[in-house]
Amino acid sequence: MLVPRRRASFRSSIVILVAALVVAAAAPAFAQAAQAAPPQQPASAAGPRQNPRAQVPMDADRARRLYVPADPQYQSIGTDFQRDIDARVATEARYPELCKGIIDFQKVSYRSRVGDLDIPAYVFQPLDKGPAKSRAAMVWVHGGVHGNWGLTMFPFVKEAVERGYVIIAPDYRGSIGYGEAYHKEIDYGGYEVDDVISAAGYLASLPHVDPARVGIMGWSHGGYITLLSIFREKHPFAAGAAIVPVTNLIFRLSLKGPSYQWDFATQKRIQGLPFEKPEIYIERSPLYHVDKLQVPVLVHVATNDTDVNYVEDQMIVDALRSRKPDLAETKTYIDPAPWGPSVGHSFSRRVDPKTLQRVDSPEQIDSWNRTWTFFEWNLRKR
């Protein structure tokens, strides 16, 4: 049995020896051929690849549609500022009658902690102020890239005051109805957040307000400001509620396109798009600051929202559920009853603009019941 193995080993040795002799004999020829052939250059040594954009004829019409300036002089170009002022004045004229006998209403102003502007605000309080530090309070933040506090929020303000809350609604920098200069001070996600946080300081100056029981609530852009406020390392709020909030500016500007990008790129403290100023847009996107949350937050979103689309709000919901489950209360409403051109975006703000009465849907009732319960628990006396 050992003999075949020895023969196999002998034959293998012969094969290896012959192969080695063949390679040795061929080596001089290989070396000569290598010297004669020109060296192979890497593809990049031939020069940089030509920019493909330079090789394509420009479509002037498409280029015009995609163009977004970065010069602040083009912020809100074409806006009728006087019309906005007139509309605001007309709105304010209705509050005294609406509040008569049920709400103490005032239009006030306070200095932003940035130090450069006085911020106008609406204050709604119970007629009976109560003892010192007896009242919880909230800052309510309006939406819109350029917007202001509107009458259609009145039925909810009324409910808040009936529940004993003091409400302040600031028209932070960039709000409409205060002239061109104030309008162009817009600073989305920047100083406007400081303007809103400063409203809590005004509340704390009222003797009947307990500064330890101040909350913040906002819708859309106002929900965005709410999140950025409570994601600050230091802030005065005990809890916050953000309804259909803007959450990720890098994603949002890409999704919405040039007409929406315009309002951001022309802001004087931005002056550019996300690919040009990524650090600014990351800093101003709540999604990237979830880990800083230290107080309870409530977030409600809608799957049929065509303003803050669900693909954007789903990001913040998922981030809060996975990384702050002990502090975050979230609810996704599946195709709630629509209201207005943005379908589900105003699902919890269904109000008849003439009568100023709620136009309730099951989702609106549920959302507000959850919101009141959230604040009554988190702003209660300790």
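Predicted model: local features only at pLDDT ≥ 70, side-chain atom pairs only at ≥ 80, totals over all residues.

Biologist: Why are helices α9 and α12 called roughly antiparallel?

Modeller: The angle between α9 (residues 249-256) and α12 (residues 310-323) is about 170°, and their axes are 10 Å apart. Angles over 145 degrees count as roughly antiparallel, and α9 and α12 are therefore described that way.

Biologist: What makes strand β7 largely enclosed by the rest of the structure?

Modeller: Buried means under 20% relative accessible area. In β7 (residues 297-302), 6 of the 6 residues are buried, so the strand is largely enclosed. Val297, Val299 and Val301 point one way, Leu298, His300 and Ala302 point the other way, and all are buried.

Biologist: How do you know that β7 pairs with β6 and with β8?

Modeller: Pairing requires at least two bridges between the strands. Strand β6 (residues 239-243) has 4 bridges to β7, in the parallel sense. Between β7 and β8 (residues 328-333) there are 6 bridges, and these strands also run parallel. Val299 of β7 stands opposite Ala242, and its bridge partner in β8 is Thr330.

Biologist: What is the hand of the crossover from β7 to β8?

Modeller: The chain passes from β7 through α12 to β8, and this β-α-β crossover is right-handed. That label applies if the path runs clockwise with the strands pointing away from the viewer.

Definitions and conventions: Residues numbered from 1 in each chain as written. Heavy atoms only, no water. Axes fitted to C-alpha atoms, helices over the stretch in contact; angles between N-to-C directions. Helix = DSSP H or I, 4+ residues; strand = E, 2+ residues; numbered from the N terminus. Parallel < 35°, antiparallel > 145°, perpendicular 65-115°, else oblique. Buried < 20%, exposed > 50% of the residue type's maximum accessible area, 1.4 Å probe, protein only.
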